[in-house]
Amino acid sequence: MRLWEEAPQTQIFGISVYTFGLYCMIGALCAAACIAILCRELKTKKGTAQVLICASFIFGLFVSRLAYALVRVAKDLTGGDDAFPFFSWIRPDIGGWSLYGMIFGAFLAAWVTSKITRETPKKLLDIVSCSIPLAIAAERFGEKCLEVFNISRSFEETQFPANTFLAVKDPDYGDFYLLTYLYCAAAAVILFLVLVFMLTRRNTAEGDAWLLFMILCGAGGVILASLRNDSFMEISFVKMQQVAAAGLLVWGVAAAGKQHAGARKKLYRAALISLPAVIAICIGIEFALDKTTVSHVLLYLMMIVCLAVPVVLGVKLLRNSQKGTKAA
């Protein structure tokens with residue numbers, strides 16, 4: 001395949017490869033190594049690690065590409081993008097990929113692997129959930145190779161956080177913006193450390209690391225997808241990556257309550273009630289970011305506080321299981 005000359009490239013043993021693709025490959029290999037180590041430490045059945053790694057690659061890539069293609073087709077139907085014919089779906093050199101499609105593909109891989117190896121699905125979901133952040137961190141960091149990709153709205157020198165380590169200055173126009181891909185990469189590394197710490201604790205029930213991943217990745221994804229301003233995977237004004245992140249959050253909180261509510265049904269109800277309210281507020285904040293002159297710092301603080309409500313309630317439900325409630 002002929003490489004696109006304008007894309008950043010790296011020489012490896014005399015062979016030119018895309019630099020961004022190299023970062024993705026490193027992330028995938030780190031995730032595979034994590035799966036192998038966790039399968040050994042959690043004493044899964046022989047051959048489970050190999051099957052899970054292969055399935056994660058296959059389904060992760062397939063669902064990632066499928067999600068991107070469906071969004072492109074939807075944009076075409078609404079008149080918001082160029083045509084994306086069906087033959088383009090199977091050409092990796094055309095278009096792009098969906099990060100959240102990869103996440104859901106990895107979940108599917110864990111379920112399929114559990115059917116093949118007869119391991120419990122929750123254990124395998126825990127394992128892939130701990131490995132996914134490594135792939136995310138490498139991919140997000142690699143986005144520095146893509147010009148004007150995954151960066152924030154521009155803001156003036158008089159606005160916070162201009163002239164701090166949190167922002168960079170455009171040398172041509174003088175505006176400041178956040179390199180949100182670095183924030184995403186850092187958040188993924190922190191998430192990995194949190195999940196590994198949780199999974200290695202003796203009193204953690206199977207499936208809890210997976211539930212915590214969905215809750216934290218979902219809430220964090222809503223904020224980080226809001227920060228970026230590159231129109232990637234948008235239909236009209238709707239950011240589909242943000243919608244997928246919200247879906248992860250809802251799924252995680254609902255599943256945590258279903259699995260661990262026990263006698264604390266009031267806490268579960270409170271968590272469920274908070275979700276639509278928080279999502280509605282976040283939608284309102286998204287409109288306010290572009291349609292009003294209210295400080296973006298204030299609006300994002302409001303978003304963080306709102307999202308913290310279902311996150312805290314979901315984590316409390318998980319902690320309830322560690323205090324003696326058996327996993328269902």
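A: Asp 290 is exposed, with a relative accessible area of 52%. Buried means under 20% relative accessible area, exposed over 50%, and partly exposed in between (1.4 Å probe, protein chains only).

Q: What kind of model is this, and how are residues numbered?
A: This is a predicted model: local features need pLDDT of at least 70, side-chain atom pairs count only at pLDDT 80 or more, and totals for chains, interfaces and linings use all residues. Residues are numbered from 1 along each chain as its sequence is written, and side-chain values use heavy atoms, with hydrogens and water left out.

Q: Which side chain does Asp 290 meet in a salt bridge?
A: Arg 153, at 3.0 Å from N to O. A salt bridge here is a side-chain nitrogen of Lys or Arg within 4 Å of a carboxyl oxygen of Asp or Glu.

Q: Where do Asp 290 and Arg 153 lie?
A: Asp 290 is in helix H8 (residues 265-291), and Arg 153 is in the loop between helix H4 (121-142) and strand S3 (168-169), so the pair ties together parts that are 137 residues apart in sequence. Helices (H or I, at least four residues) and strands (E, at least two) are DSSP runs, numbered from the N terminus.

Q: Is Arg 153 buried or exposed?
A: Arg 153 is buried, with a relative accessible area of 11%.

Q: How many salt bridges does a search of the whole structure find?
A: Six. One of them joins Asp 230 to Arg 228, with the closest N and O atoms 2.7 Å apart; both Asp 230 and Arg 228 are buried. Glu 41 forms another with Arg 40, at 3.5 Å between the closest N and O atoms, and Arg 40 is exposed at 59% relative accessible area.

Q: Which residues are linked in a network?
A: Glu 139, Arg 140 and Glu 143 are linked by salt bridges.

Q: Changing topic: how many helices and strands are there?
A: The protein has nine helices and six strands. Its radius of gyration is 21 Å, close to the 20 Å that the globule rule gives for 328 residues, so the protein is as compact as a globular protein of that length. That radius is taken over C-alpha atoms, and the rule is 2.2 Å times the number of residues to the power 0.38.

Q: How much of the protein counts as buried?
A: Of its 328 residues, 48%.
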